[in-house]
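Student: I have not looked at this structure before. Could we go through it step by step?

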Amino acid sequence: MEILQNILIFLYIAVAGFLVYLVLSQEPKQGAGDMFGGSTDLFSTRGVTGGLYRITVVLGAIFVILAFSFRFFNR
């Protein structure tokens with residue numbers, strides 16, 4: 001059981017680090033209207049940035065699932 005817990009901790013740290021890298025490597029949206037929801041193309045194709053956006057969302061979901069999985073292990 002301890003081995004599984006160590007693997008989960010390693011995955012959690014790796015996902016967190018890669019998530020930070022992906023968020024920092026994305027290009028910011030331009031324009032003041034985007035800050036207040038003026039853009040209607042939230043889920044439209046954005047080229048390379050769109051791919052990074054999708055990977056970021058998936059890694060964010062994995063991060064949350066791993067965070068909730070830690071409550072099943074007692075230290």
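Student: What percentage of the 75 residues in the chain is buried?
Tutor: This is a predicted model, and the count covers the 75 residues of the chain. A residue counts as buried when its relative accessible area is under 20%. The buried share of the chain is 16%.

Student: What span is expected for H1 at 1.5 Å a residue?
Tutor: H1 has 24 residues, and from its first C-alpha to its last it reaches 35 Å. The expected span is 1.5 Å times one less than the number of residues. For H1 that expectation, to which the model comes close, is 34 Å.

Student: Which residues of H1 are buried?
Tutor: Leucine 19, in helix H1, is one of them, because its relative accessibility of 16% falls under the 20% limit. Leucine 11 also sits in H1, but at 37% it is partly exposed. The buried residues of H1 are Gln5, Leu8, Val15, Leu19 and Leu22.

Student: Which residues does leucine 19 contact, leaving aside neighbours within four places in sequence?
Tutor: Leucine 19 and valine 58 are 39 residues apart in sequence, yet their C-alpha atoms are 9.6 Å apart in space. A contact needs heavy atoms within 4.5 Å. With the sequence neighbours set aside, the contacts of leucine 19 are Thr56, Leu59, Gly60 and Phe63.

Student: Why does threonine 56 count as buried?
Tutor: Threonine 56 is in helix H2. Not counting residues up to four places away in sequence, it touches Leu19, Leu22, Val23 and Gln26. Threonine 56 counts as buried because its relative accessibility, against a limit of 20%, is 15%.

Student: What share of the contacts between residues at least 6 apart in sequence joins residues at least 24 apart?
Tutor: The contact between leucine 19 and Thr56 is an example of a pair that lies in two helices, with leucine 19 in H1 and threonine 56 in H2. Among contacts in the chain between residues at least 6 apart, the share joining residues at least 24 apart is 81%.

Student: Which residues form a nonpolar patch on the surface?
Tutor: The accessible surface of the chain comes to about 6000 Å², and 70% of it belongs to carbon and sulfur atoms. The patch has about 430 Å² of accessible area together, and its residues are Ile3, Ile7, Phe10 and Leu11.

Student: Where does UniProt place the feature "transmembrane region"?
Tutor: The annotation comes from an unreviewed entry and names two spans. One span is 100% helix, with end C-alpha atoms 26 Å apart; the other is 82% helix, with ends 32 Å apart. In that order, the UniProt positions are residues 7–24 and 52–73.

Notes
Residues numbered from 1 in each chain as written. Predicted model: local features only at pLDDT ≥ 70, side-chain atom pairs only at ≥ 80, totals over all residues. Heavy atoms only, no water. Buried < 20%, exposed > 50% of the residue type's maximum accessible area, 1.4 Å probe, protein only. Areas by Shrake-Rupley, 256 points an atom, 1.4 Å probe, with all protein chains shown as cover. Patch = residues over 30% accessible without salt bridge, like charges linked within 9 Å, V, L, I, M, F, W, Y side chains within 5 Å. Salt bridge = Lys/Arg side-chain N within 4 Å of Asp/Glu carboxyl O. Helix = DSSP H or I, 4+ residues; strand = E, 2+ residues; numbered from the N terminus. UniProt positions renumbered as here; feature names shortened; annotations may be inferred.
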